[in-house]
Amino acid sequence: MSRLNHTLIIICLFTTTTALAQRSLKLSVYAGSGISFFSGPGSTDHSKFYRNGLAFPNAVDTMGNHFGSRAAPCFIAGVQLDRALSKTWTLSVSAQYEHNGSRLKGDSVITPGGNFKVNGMYTAYNDFISINPQLGRTFSFGKLGLMLHGGFDYAFKLSFIDQFDYTDPSGQKFSIARSGGHPEVDDFRLTAGGMISLNKWSLDLNYKHGLNNYNEGGNGNVFSRMLHIKLLYRLLKLK
């Protein structure tokens, strides 16, 4: 973690602690979905799949470049604290589990016995636990509330899984999956979005722009891109 990231997290925690000590808060739970993918010169929309021909557990079958630039569905779930700093400004801090994916087309399989063209789709998923502080500007329209917000994510890596489904030239279908790895880096992202609220329910749309390079030591930088939508339910409001 860089010194800048350390500093931002310390400032966020200090600000949040001060606000919670002085003002009331709202606690919500949420779940949601969206899309995610990779961007940058090191990402791709197609690649070759390599098989070493060995039997499990010695088989090491890998996609040549697994940083897919095609979007895949994702899943999120977490809790959120909201603090009204004034009549128009709100500090929000969420902690969530996230299952973010990317896709690319697999066009060839490379084996010790030969190479052949295939029609396939490769999907990879990175799991994280993330902390997301945001500062929001609130607007009221009767019972309906609107918040425009911005902030940052720091996401701690958990696990990596991938799967390659393809059809060979004879028409036979194959599915090869792997689990047990880890994402290349903890992720740091800038976030921006909006939330509408009515009574105890809220709907939030959040774009996340990754700044940490997943392809350290490789050719071309790779960064995460995400669009999350979540449905929140307010559990309690303390004054």
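Visitor: How many helices and strands does the protein chain have?

Guide: The protein chain has 1 helix and 11 strands. Along the sequence they follow the pattern α-β-β-β-β-β-β-β-β-β-β-β. Helices (H or I, at least four residues) and strands (E, at least two) are DSSP runs, numbered from the N terminus. The model is predicted: local features need pLDDT of at least 70 and side-chain atom pairs count only at pLDDT 80 or more, while totals for chains, interfaces and linings use all residues. Residues are numbered from 1 along each chain as its sequence is written, and side-chain values use heavy atoms, with hydrogens and water left out.

Visitor: What makes β1 and β11 a pair?

Guide: Two strands pair if DSSP finds at least two bridges between them. β1 and β11 have 15 bridges, in the antiparallel sense, so they meet that condition.

Visitor: Which residue in β4 is the bridge partner of A31?

Guide: The partner of A31 is A77 in β4. β1 and β4 pair in the antiparallel sense over 11 bridges.

Visitor: Why is S36 called buried?

Guide: Buried means under 20% relative accessible area, exposed over 50%, and partly exposed in between (1.4 Å probe, protein chains only). S36 has a relative accessible area of 2%, and is therefore buried. Buried residues make up 41% of the 239 residues in the protein chain.

Visitor: What does S36 touch, leaving out residues up to four places away in sequence?

Guide: S36, which is found in strand β1, touches R70, A71, A72, C74, N100, G101, S102, R225 and M226. Contact here means heavy atoms within 4.5 Å.

Visitor: What does the side chain of S36 reach at 2.6 Å?

Guide: The side chain of S36 reaches the backbone oxygen of G101. A polar contact is a pair of N or O atoms within 3.5 Å; within protein, one must be able to donate a hydrogen and the other to accept it, and residues adjacent in sequence count only if both atoms are side-chain atoms. The distance of 2.6 Å is within the 3.5 Å cut-off.

Visitor: What makes a space a cavity, and what makes it a pocket?

Guide: On a 1 Å grid over the protein atoms alone, a cavity is a set of points where a 1.4 Å probe fits but cannot get out. A pocket is an open set with protein on both sides within 12 Å along at least five of seven lines, and lining residues have an atom within 4 Å of a point. Grid points are joined across faces, edges and corners, and a volume is the space filled by probe spheres set on the points.

Visitor: What is the volume of the largest pocket?

Guide: The largest pocket has a volume of about 620 Å³. Of the 29 residues that line it, the closest to its centre are K26, T90, T138, M147 and S197. β7 gives the largest share of the lining, 4 residues.

Visitor: How many cavities of 30 Å³ or more does the search find?

Guide: The search of the whole structure finds 4. The largest cavity holds about 70 Å³ of space, and S36 and G101 are among the residues that line it. The second largest cavity holds about 40 Å³, and its lining includes F49, D61 and Y122.
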